[in-house]
Amino acid sequence: MPERAEIRALATQLRARFEAAGAQAVEASILQPAETLLDLYGENIRGRAYVTSDALRGEQMLRPDFTVPVVQMHMAHGAEPARYTYAGEVFRRQEHDPDRANEYIQVGYEIFDRENPAEADAEVFALIAQALEGLSLRAATGDIGILMAAVQGLRTTEARKAALMRHIWHPRRFRALLDRFSGRVPPPPSRTALLAQADPLADLPPAIGKRSVAEIAERIEALRADAEVPPISDREMAALDTLLAVRETAPFALERLRDVAVDLPQIAPALARLEARLQALAARGLDVENLDFEASYGRTSMEYYDGFVFGFYAEGRPDLPPIATGGRYDALTRRLGDGAEIPAVGGVLRPGLMHALEREARA
Amino acid sequence: MTVKLGVPSKGRLMEKTFDWFDRAGIRLKRTGSDREYAGAIEGIEGMSLVLLSAGEIPRELATGRIHFGVTGTDLVHEKLPLWETQVEPVAELGFGQADLVLAVPQLWVDVDTLDDLDAVAAAFRARHGHRLRIATKYHRLVREFLVRGGVADFALVDSQGATEGTVKNETAEAIADITSTGETLRANHLKILSDGLILKSQATLWKSRVAQVGDAERATLERFAERLAAVQ
């Protein structure tokens, strides 16, 4: 298919551009051990990646992206700092939209660098923006680190904060937890009834399964303790609601978030990082004044990003997935690094979509 | 070409399907020996009977190899993610009622909702070093239900039969399975979560939206529809 060859040529060209920017070209296996990906993403990944298996190696996944293998490779024997680029097929199971591709080429650029995260963020974003020049795209940006900092600094128990942190990327469950922790929604009746019993562990049904009676007793204790915890204050809740709703051009968003920081001072360091990033972007000639910033951006689809996040979308083509996406994933390196960690940021382009948009523009 | 009707090839589901069509004056029967899956239709011209496993009927409908098929809502929803575009329900047959539910040990007195299950899954993974296992054969439906409900840290393990026994055998911590009365669950010391109903299912007559229909078949389809209208 000539179109396929053209897309491949475009991918090679993009990777060469990233090599010229200082990245080392790397390869990754198409088959990845399923266990690592399942541990990271949970069962949800089975809905998005193809799983296959053999009797010797067990379950394998057709790589759904390059980030995990590239991080593993870097953590195993990478020198610091490092820049990598790659181009190759990724495979995504599609169960809802037959028009979405289940196999497409990604070209990526990843930076592992401890020195200057703001500068690294700006470098990735600027390189991707340059590669996309000429296409009519809208950039969306956000920073999941601000919400994470806000949650970690809430005046409530560690258990509640851990529950919220676990669901940062699941907005509905996150909201349900917040509503309960703030007393906006009463606890479920079954829980109230359980805690009203003098001894919920009296006359237990037969003990079956791996979860022991001791674990059940422990959770009931935790629920009792949690029932005594005062609700998250209206002031903190109002500030969180304002934070989550911030959607402005970057300089205004920063202003709004500074207002939020009056009630949630814990976000100040994250805001300093945002400001440094905006300066670094401006220094690279990007139009920061008109850059969109959305505090909730990236919470539903970008599960491992924990700081700066971005995506480029085709104007007038809301049916298309983003043409490019990226972000910071410091925590992922921690989880894959066996104790080691390194700040990392990266982004990917989809030459197939770029090619289609270019052709559309020419037509 | 004839209009093909696919029905389950054995058991009570087959018998009840035969009874249901009988009331419309359409006689389905197996032919040949007991072991041979061949059948015939009497009482309507231009139709032929295909005996299939209930689990294969969704796929046969989706590819258009049969025009009509009888199988459970659960199987259609599990096997055909885009079922609305591939098949259309014609009639609910009023038998084979079953609910796909999520059940945990009765012992878990602290667990009644998905919210509880999610909290327990997090603690379980921290303690045992693996995700909380849920045994099922309805992988897609269960996964989507749990993800929608915001449950994390679970793993689905495949169980094609005797699913209720997996908890006692410690190959799973919870199950998602079809139940009609809940009796088997109770007998195995399991309980259904209060918000754990994943899907209500019953035997249903489906029409393929993709099967080829020529002029000859169209007349048969009309006759078939008239007969069906009479029983509903």
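Which residues does Arg92(A) touch, not counting residues up to four places away in sequence? In this predicted model, the partners of Arg92(A) are Arg48(A), Ala49(A), Pro64(A) and Asn102(A). Arg92(A) itself sits in the loop that links strand S5 (82-91) to strand S6 (103-112) of chain A. Arg92(A) is classed as partly exposed because it has 17 C-beta neighbours inside 10 Å, a count that falls between the limits of 12 or fewer for exposed and 20 or more for buried.

The "binding site" annotation of an unreviewed UniProt entry covers Asp65(A), Phe66(A), Thr67(A), Arg92(A), Gln106(A), Glu110(A), Arg299(A), Tyr304(A) and Tyr305(A).

Tyr305(A), another residue in that annotation, belongs to the loop between strand S9 (292-294) and strand S10 (308-314) of chain A. With 28 C-beta neighbours inside 10 Å, Tyr305(A) is therefore counted as buried. Once neighbours within four places in sequence are left aside, the contacts of Tyr305(A) are Ile144(A), Gly298(A), Gly327(A), Arg328(A) and Tyr329(A).

Attention now turns to chain B. Chain B is split into domain 1, made up of 3-97 + 202-231, and domain 2, which spans 98-200. The C-alpha centres of domain 1 of chain B and domain 2 of chain B are 32 Å apart. To the contact between them, domain 1 of chain B contributes seven residues and domain 2 of chain B eight residues. On the side of domain 1 of chain B that touches domain 2 of chain B, one residue is nonpolar, four are polar and two are charged.

Notes
Residues numbered from 1 in each chain as written. Chains lettered and ligands numbered in written order. Predicted model: local features only at pLDDT ≥ 70, side-chain atom pairs only at ≥ 80, totals over all residues. Domains from an automatic or database assignment. Contact = placed C-beta atoms within 7 Å. Nonpolar A, V, L, I, M, F, W, Y, C, P; charged D, E, K, R; others polar. UniProt positions renumbered as here; feature names shortened; annotations may be inferred. Helix = DSSP H or I, 4+ residues; strand = E, 2+ residues; numbered from the N terminus.
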